[in-house]
Structure formats: C-alpha cells, structure tokens
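Trainee: I have a model open on my screen and would like to learn how to read it. Could you walk me through it?

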Amino acid sequence: MAKSPTPKPADPPSLSRRQQFAQTYRMAKKSDPAIGRWVLGAGLLGLVVGFGLFWLAVGRSSTLGVVLAVIGALMVAVLSGLIVFSRRAQKAVYGQMEGQAGAAAGALGLLKRGWHVDNAIAFTKQQDIVHRVIGPPGIVLVGEGSPGRLRPLMTSERKRHERVAVDTPVHEIVVGNDEGQVALSKLSRHVQKMKRQVQPAEITDILARLKAIDASRPALPMPRGPVPTSMKGLRGQMRGR
C-alpha cells in the first residue's frame, strides 16, 4: 500500500494573519521566553492609560462617554501590545538569523515596494554572498561573510555593474557588527535611508541594462535554510500593515 505524501508546512503567504502571528510568536519565544509577559504588560498599561485619557476627555459626563472610554482603552491596549510584540519579535528573529548564510536576504526582503532585490548574484564556495538591491540610491551591493573574501568579490561585481550601468551610482555594504559594517537588524532601514540619486523612471532602464550581466551568470543556488519562514509573516507587521 502506497504511503500518502507527507504534508508540507504551510507557506506564510497562504496563512491567515492570526496564523502568521502565532507562527511568529512561537519562533520568537524560543529566543525570547519573556515576550508574552512583555506583550501582556504593554497591553495592560495601554488599557489603564488609554481609559484614563479617554475618561478625562469624554467619559465623565455621560454613560455613553464611559462606553467610549472603554472602547478607546481597548484600542490603545491592543496597539501597545502589537508594538511591543513587533519590536521584540523582530529582535528575536534577527538574533536567530545572525551568522546564517543568506541571512541578509531575509532582511532585504523587508524592503517596501519600489525596491528590487536579487539574492545571491555572486558567492564563494565558503558561502560569502553578494546580494543586489536596485532602488532610489542606485545599485547597492550587499555582502555577507568574511570581509577578506568579500572584498575582491564585491570589487569585481562593482566593476561589472559600472561597465553596464554607466552613470548609475554603485554602493557597497558589508553586513556585520565590526566598524564600517552594517548590523543585520539595521540593514533594511539603512538601505532605505540612503540618499536618493535615481529617479523612478531610471530604475526601469537600469534593470534592463543589468539583464546583460545576469544572462551571462551561471545558476547560483542560494544556500538552504537562510531565512526563518516566520520572517515573511513578520514582514507585514513591521511595515505597519
């Protein structure tokens, strides 16, 4: 009798918001056991502060005002809990990703619309990886791995891109915690804050030019298991959706 195939884990995009929330919570709790207490505490504090503010504003004169104060307090409580959950879950997930090959790909995946990310456009056998981001700053090459091995790899990629995308700014970022590097937890924010040097209409032209580079590359597989699946579920929460 043939065995039935083992069911695959649900892909985050197919999960409901509640399921994504639960999945992210379970993963974050592994490295942050106190996350539940922090969220509960933030919710209770928001409830008390919210009720006090709304009661002083509208709740002293009528029963309807008290009802509105209660509703407002609940809204503040939920918002406070979500903010604390999002920040602590983000910290926990980044902590679990730290040091894994391809972790920067997960962080770059949090970039909003208008950014084009190409993962692992080049890497070494030791899993030093270069990713590419195209957006308002121009072309951003993001390297993760050993700085010594990344240096020639990123220099080579920079020259290749400058030959094809003439007059387009090419930037280099190395992910890490040493001087001159950008921490994984700050990567997406750092990229978004870079100076805007390219107009949206120019990005389409840059993408078309870079096809010539990408067409000549051999297939470069991403290392397995670089990004926790809950990172995708956390993406919407971190964007405020």
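This is a predicted model: local features need pLDDT of at least 70, side-chain atom pairs count only at pLDDT 80 or more; totals for chains, interfaces and linings use all residues.

Trainee: Thanks. In what order do the strands of the open sheet come, and what is the pairing?

Mentor: As a general idea, strands in a sheet pair through backbone hydrogen bonds, in either a parallel or an antiparallel way. Here four strands make an open sheet, ordered β1-β2-β3-β4, with mixed pairing. β1 and β4 are the edge strands, each pairing on one side only. From one strand to the next, the twist averages 25°.

Trainee: How many bridges join β2 and β3, and in which sense do they pair?

Mentor: There are seven bridges between β2 and β3, and the sense is antiparallel.

Trainee: Now α5. What should its 18 residues span?

Mentor: Count 1.5 Å a residue: helix α5, residues 147-164, should then span 26 Å, and since its end C-alpha atoms lie 25 Å apart, the two values agree.

Trainee: Which residues of α5 are buried?

Mentor: Buried here means under 20% relative accessible area. In α5 that applies to L150, L153, M154, E157 and H161. They sit on the same side of α5, because the arc they cover around the axis is only 100°.

Trainee: And what do the buried residues of α5 pack against?

Mentor: Their partners are β1 (116-123), β2 (129-135), β3 (138-144), β4 (170-175) and α7 (200-215). On the face turned away from the buried side, α5 carries the exposed residues R151, P152 and R163.

Trainee: Let's turn to the backbone angles. Where does Q127 lie, and what is its phi?

Mentor: The general idea first: most residues other than glycine have a negative phi. Q127 is not a glycine, yet its phi is positive, at about 70°. You will find Q127 in the loop between β1 and β2.

Trainee: What about D167: is it buried or exposed?

Mentor: D167 is exposed, with a relative accessible area of 78%. This residue lies in the loop between α5 and β4. D167 is also a residue other than glycine with a positive phi, near 70°.

How values were computed. Residues are numbered from 1 along each chain as its sequence is written. Side-chain values use heavy atoms; hydrogens and water are left out. Helices (H or I, at least four residues) and strands (E, at least two) are DSSP runs, numbered from the N terminus. The expected span of a helix is 1.5 Å times one less than its number of residues. Buried means under 20% relative accessible area, exposed over 50%, partly exposed in between (1.4 Å probe, protein chains only). The arc is that of the directions from the helix axis to the C-beta atoms. Contact means heavy atoms within 4.5 Å. Two strands pair if DSSP finds at least two bridges between them. Axes are lines fitted to C-alpha atoms, for helices over the stretch in contact, and angles run from 0 to 180 degrees between N-to-C directions.
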